[in-house]
Amino acid sequence: MNLSRREFASVMAAALAAGFPLQREASAAQAGDLYNLPRFGNVHLLHMTDCHAQLLPSYFREPSVNLGVGAMRGQVPHLVGEQLLKAASLKSGTPEAHAFTYLDFERSARQYGKVGGFAHLATLVRQLKADRPGALLLDGGDTWQGSATALWTQGQDMVDAAKLLGVNIMTGHWDFTYGEERIKKIIEQDFAGKVDFIAQNIKTSDFGDPVFKPYVIREMNGVAVAIIGQAFPYTPIANPGWQTPNWTFGIRESEMQETVNEARAKGAQAVVLLSHNGMDVDLKMASRVTGIDVILGGHTHDGVPVPVIVKNPGGQTIVTNAGSNGKFLGVLDLDVKDRQVRGFSYRLLPVFSSLLPADSAMSALISRVRAPYEVKLSEKLAVTEGTLYRRGNFNGTFDQLILDALMDVRGAEIAFSPGFRWGTSLLPGQAITREHLMDQTAITYPWTTLTDMRGETIKTILEDVGDNLFNPDPYYQQGGDMVRVGGLTYTCEPGAKMGARIQNMRLKGQLIEAGKTYKVAGWAPVAEASKHAGPPVWEVVEHYLKAQKVIKPVKPNTPELLGVAGNPGLGLVL
């Protein structure tokens, strides 16, 4: 579906007239301008990342807690709410304010509707590509995991959708959790001649040979552009190592510099890094590796409306991050002359499904891949009376629901749930369907565990995860948010040293004793020995939801925080 600029603006004006309820001061022309970007320069890149297999439009609440520590305190991406709006010069109460922040989420979600959806994203991609000769669509990964249909088809639904969407180049992270054989099959068969899968930092564990192409060079409007891939460096730690036993990962900074130099030597006039490092890691890498013009980042799900310009000994690097769940599309135009980037234009566009007409071909594909599962997906398990979300450094209401289910069904005193950042949101009054549950739990290692754990071990776990999140050196941050904790209360000082962040752990008001044993439930074990340790987490939570029938508003169990007063990454915990 290709629309001229004038036709595109007319379609969105019609969408407004049909009932899309924007702010009163927002006109049809303003809505059209949201997606009407003048072309700039001669190199054009579209960037999506971390869609987590969300083919349909959904609600997604941005975090109210995204703390920066050390040098990252108060810096992008560690700004939330009004602080982020101020940094990006965005007005509160606007569609953009809803897209980029958690502010007034429930009301704004009802007003502006759902976001994302591949059929609506496809319309936007086609329009932008039609106006930008040679434009490339880059996928930062976490594409094949995050939904029931992706899990049940081993990512095939997303592979087919990505090809139809027009993805040109991709790197990965959660995608690797389908295992080496499945990944190779997709790349060698489905992607052959259509999509380049790149990752300079994945090597074979025996001889250190590249597993994937480290980069590609594409010519666009007379400019040779190198795209280098950087997969998530800590995949075998954050996810089961037994799923990729023959591959090694890492940041590999020195190899990155060598790759940049090689691409330049082969004629690249501009170098772009398609990264799944996480934004803090990207910012550090940009300050140390020379010759990268742009880093298009992912992993941390940060919807960053304005890029960060990082100075380094060789010049400067533009660093961005494009959010998650298919709700954003980054549009970067570069003006490249004499082997240098002379100027750029960047916008991170929210994908409002009520403003963008659905692409008919993509809609047909989505309907086809979902058809065998529709009855199972749509089964109502319960109704929620409060907003359910997952996203934020410490806990979310859907995370808390999972914790409550683990403790109730497995008979545990304490529960741990991983600090995953993916998962759609629900508004009060919505039915919780099996699809919604799978949006929170669809992984290839879903087993629940029940462990007798000493108090000293509980503290060690919390300290280790806390250091992964709050280590002042980004290269030691191994991904994810803080483990979610049920039953146990504690105090956390993010800026403290390793081993001293977690204090005052209590169960039912009583201090946790180092030598005492407690019954702890959890899920998503990365150890191979824990395969099939207990029923899949979705079975546990489904049992709980059906028994409860109505889920009262959930209050997340979050720690008391020390040393964070005035931190612009700390908003309201709702």
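Biologist: Which residues are linked with R39 in a network of salt bridges?

Modeller: A salt bridge is a side-chain nitrogen of Lys or Arg within 4 Å of a carboxyl oxygen of Asp or Glu. Here, R39, D131, R132 and D333 are linked in such a network. The model is predicted, so local features need pLDDT of at least 70 and side-chain atom pairs count only at pLDDT 80 or more, while totals for chains, interfaces and linings use all residues. Residues are numbered from 1 along each chain as its sequence is written, and side-chain values use heavy atoms, with hydrogens and water left out.

Biologist: How many salt bridges does a search of the whole structure find?

Modeller: The search finds 30. One of them pairs R370 with E435, at 2.7 Å from N to O. This pair links distant parts of the chain, 65 residues apart: R370 is in helix α13 (residues 360–370) and E435 in helix α16 (residues 434–441). Helices are DSSP runs of H or I, at least four residues long, numbered from the N terminus.

Biologist: Are R370 and E435 buried or exposed?

Modeller: Buried means under 20% relative accessible area, exposed over 50%, and partly exposed in between, with a 1.4 Å probe and protein chains only. Both R370 and E435 are buried.

Biologist: What separates K459 and E463 in helix α17?

Modeller: About one helical turn, because they are four residues apart in that helix (residues 455–470). K459 is partly exposed at 28% relative accessible area, whereas E463 is buried at 4%.

Definitions and conventions
Helices (H or I, at least four residues) and strands (E, at least two) are DSSP runs, numbered from the N terminus.
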